[in-house]
Amino acid sequence: MKPLGPLSNPHDRTRLSATSNGSANSSYPLPLSNHANSHARDTLELPTRSKRVPPIPTRSQSALTSCSSSIDLDAVSPPVSHLTPPHNRPPSLPGSRERHVPEPTLVLTPPQPTSSLIPPSSQTPSSSPTTKRQSKLSSPSSKTSLVPSEGEDLDAFHVRSTYAHLDVVGVRGDGYEEGVERTRARIRASRGSELRAEAALAGPSEKSRDLRTEELNVLSSLDRYGFFIVPSHDRLVLLPSGPLLKRLASVRAGSKSAPSHAVSVSSLPAASSPLKEQMRVAKWDRMLEVLGRDSGGNVESWGIKASKAHKLRERVYKGIPDRWRRAAWEVLMNRFSRSGRKAVEELGNHYLQGLEKPSSYDIQIDLDVPRTISGHIMFHTRYGLGQRSLFHVLHSFSLRCHECGYVQGMGPIAATLLCYFEPEKVYAALSRLHDTYNMHSIFSPGFPGLLQAIYVQERIMESKMPDVYAAFKKHMISTTSYATKWYITLFANSVPFQTQLRLWDVYLLEGEDLFSAVAISIVWVYRGISANFETILSLLSSFFVPEDDDLLLSWIERMLGDKKLRSQMARWRQDWNELVASGRDGEALL
């Protein structure tokens, strides 16, 4: 069989829409490496990393002006009502989603943006030391006045203070209504805009009132994870189970078990409870034990019973029951990072301290928040509890590592974690992913960890599927052109949410090798397809719907259970580091 011969493309080569990746026409940046320019060929052009907004004390026009100063609130329509990325778990019961905050003793007078955002008025903050007013805005975390830091960009401060103000007063119809844009549009451009913004604030009875009929209808339309059930992703492609019945081994092209063409899927499968979930709930109940409680008797930390520790790996691969996922993820991160409750508490304090500090990424984070898995009820309402929590987590995390700062791929990861943890614990989880799961190298400038993972993936392809590797090389199919978003978002925008959760279960157990294994499983399944560059690239950029999650995870378990292969993967990572150190990495990747 001739590798990659002509074959009509069954998929449109259109860009992923907002509903296909949780971010309106978003792409992920190609890593910066010499190999990207070593061949004259077609590759996907992706935007660069998020740029810092340099803090300057005075200026005539801010970084936000160019994208928002000409937008009137009357014309703003938050892109949420029609989005349905299959992500996330439902929040707590509606009506109690807003975290209780004691009534502030100070009069809230939220600061206004600079004159580039609203018509000049006597209340606009000035860069002059004699005219700058300190806002009596209480931050929900510290109860201290939130005022611009020295040299902080005033538009960035307007973003930060708006989220802090709405943490205190709340928004109306959180989860049900779309909300009103406040940071990317001129609220005072018209009297009507100002009135709508005021009406969108939560009233005194918002938390205690009964749910309206239309709100109950919304709840009844959600799947088990909290997503709206409406048409969703473009380019849905079936990941068939047949090829996964054969374990990873050296094969030639033309395998009878591999499909000869891709099969499109019209819709996502229903997010139903696994058949054996109740049985697994009972098993995890017997396997986990309480390690610590707070002063009120609530469980704060979990562990694995010593007598059951040998069953952990098997049960993780079979799928953690959703009701135990929060506890299990905490246990897995504690074991992998060799840390525990004290470390989490310290990181939680770092999160709260970060809320009081400015970040040069605040404007970019605010732009990305409303288009991050907004098909989920928790993130549906503009400035609702979910969006505010996501902003706060990304804001504080952007201050943790000055080398990484903030990149767009952090959003879907943080949002998924927010479905299971409070913001403080999400920050702690992100920190441990950064420190011990090698996500620092994934997010660092140039994305060195991404390039290393791709090098490992290509070495496995070369050793196990030499014909496929040779065909990719012949047709100049760059791995970075289709696999970048896989690694940067941890497959958050490439598979159904229930599959993503299963992969993350194993990731927290196994570490970074898991995502190389998932990438190999996709190439393995489609190794028999003969097509041209455009078709293969379009196929590998699709949204994959596994025919059987259990079979996919079983295949990955066998692959990562191969001690010889795991040893080779570790050696290939070292080889890549040596190539980088010697300057020979430019020609090492496809």
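Here's a quick tour of this chain, from its overall make-up to a handful of individual residues. Keep in mind that the model is predicted. The chain has 590 residues, and 56% of them count as buried. Its secondary structure comes to 22 helices and 4 strands.

**The chain as a whole**

- Take the contacts between residues at least 6 apart in sequence: 81% of them join residues at least 24 apart.
- The chain exposes about 24800 Å² of surface, and 52% of that comes from carbon and sulfur atoms.

**The largest pocket**

- The largest pocket has a volume of about 660 Å³.
- It's lined by 29 residues, and the ones closest to its centre are Ser272, Pro274, Arg502, Asp549 and Asp550.
- Sort the lining by residue type and you get 12 nonpolar, 5 polar and 12 charged residues.

**Aspartate 366, tucked away in α10**

- You'll find aspartate 366 in helix α10, which covers residues 362-368.
- Aspartate 366 counts as buried because its relative accessibility is 1%, and the cut-off for buried is under 20%.
- Its side chain makes a polar contact with the side chain of tyrosine 163, at 2.6 Å.
- The side chain of threonine 183 is another polar partner of the aspartate 366 side chain, also with a contact of 2.6 Å.
- Setting aside residues up to four places away in sequence, aspartate 366 touches Val159, Tyr163, Thr183, Arg184, Arg382, Tyr383 and Phe391.

**Serine 301, in a strand**

- Serine 301 sits in strand β3, residues 299-304.
- With a relative accessibility of 6%, serine 301 counts as buried.
- The side chain of serine 301 reaches the backbone nitrogen of glycine 292, at 3.2 Å.

- Histidine 350 belongs to helix α9, which spans residues 341-354.
- At 36% relative accessibility, histidine 350 counts as partly exposed.
- Histidine 350 and glutamate 424 are 74 residues apart along the chain, yet 8.7 Å separates their C-alpha atoms.
- Ignoring neighbours within four places in sequence, histidine 350 is in contact with Arg400 and Tyr427.
- Lysine 357 is placed in the loop between α9 and α10.
- Lysine 357 has a relative accessible area of 46%, so it is partly exposed.
- Lysine 357 and valine 147 are 210 residues apart in sequence, while their C-alpha atoms are 9.8 Å apart in space.
- Leaving out neighbours within four places in sequence, the contacts of lysine 357 are Arg160, His395 and Leu399.

- Some background first: most residues other than glycine have a negative phi.
- Isoleucine 373 isn't a glycine, but its phi is positive, near 35°.
- Isoleucine 373 lies in the loop between α10 and α11 (385-398).
- Isoleucine 373 is buried, with a relative accessible area of 1%.
- Asparagine 438 isn't a glycine either, and its phi is positive at about 70°.
- Look for asparagine 438 in the loop between α13 (423-436) and α14 (439-443).
- Asparagine 438 counts as partly exposed because its relative accessibility is 25%, and the partly exposed range runs between the buried cut-off of under 20% and the exposed cut-off of over 50%.

Terms used:
Residues are numbered from 1 along each chain as its sequence is written. This is a predicted model: local features need pLDDT of at least 70, side-chain atom pairs count only at pLDDT 80 or more; totals for chains, interfaces and linings use all residues. Side-chain values use heavy atoms; hydrogens and water are left out. Helices (H or I, at least four residues) and strands (E, at least two) are DSSP runs, numbered from the N terminus. Buried means under 20% relative accessible area, exposed over 50%, partly exposed in between (1.4 Å probe, protein chains only). A polar contact is a pair of N or O atoms within 3.5 Å; within protein, one must be able to donate a hydrogen and the other to accept it, and residues adjacent in sequence count only if both atoms are side-chain atoms. Contact means heavy atoms within 4.5 Å. On a 1 Å grid over the protein atoms alone, a cavity is a set of points where a 1.4 Å probe fits but cannot get out, and a pocket is an open set with protein on both sides within 12 Å along at least five of seven lines; lining residues have an atom within 4 Å of a point. Grid points are joined across faces, edges and corners, and a volume is the space filled by probe spheres set on the points. Ala, Val, Leu, Ile, Met, Phe, Trp, Tyr, Cys and Pro count as nonpolar, Asp, Glu, Lys and Arg as charged, and the others, Gly among them, as polar. Accessible areas come from the Shrake-Rupley method with a 1.4 Å probe; for residues, only the protein chains shown count as cover.
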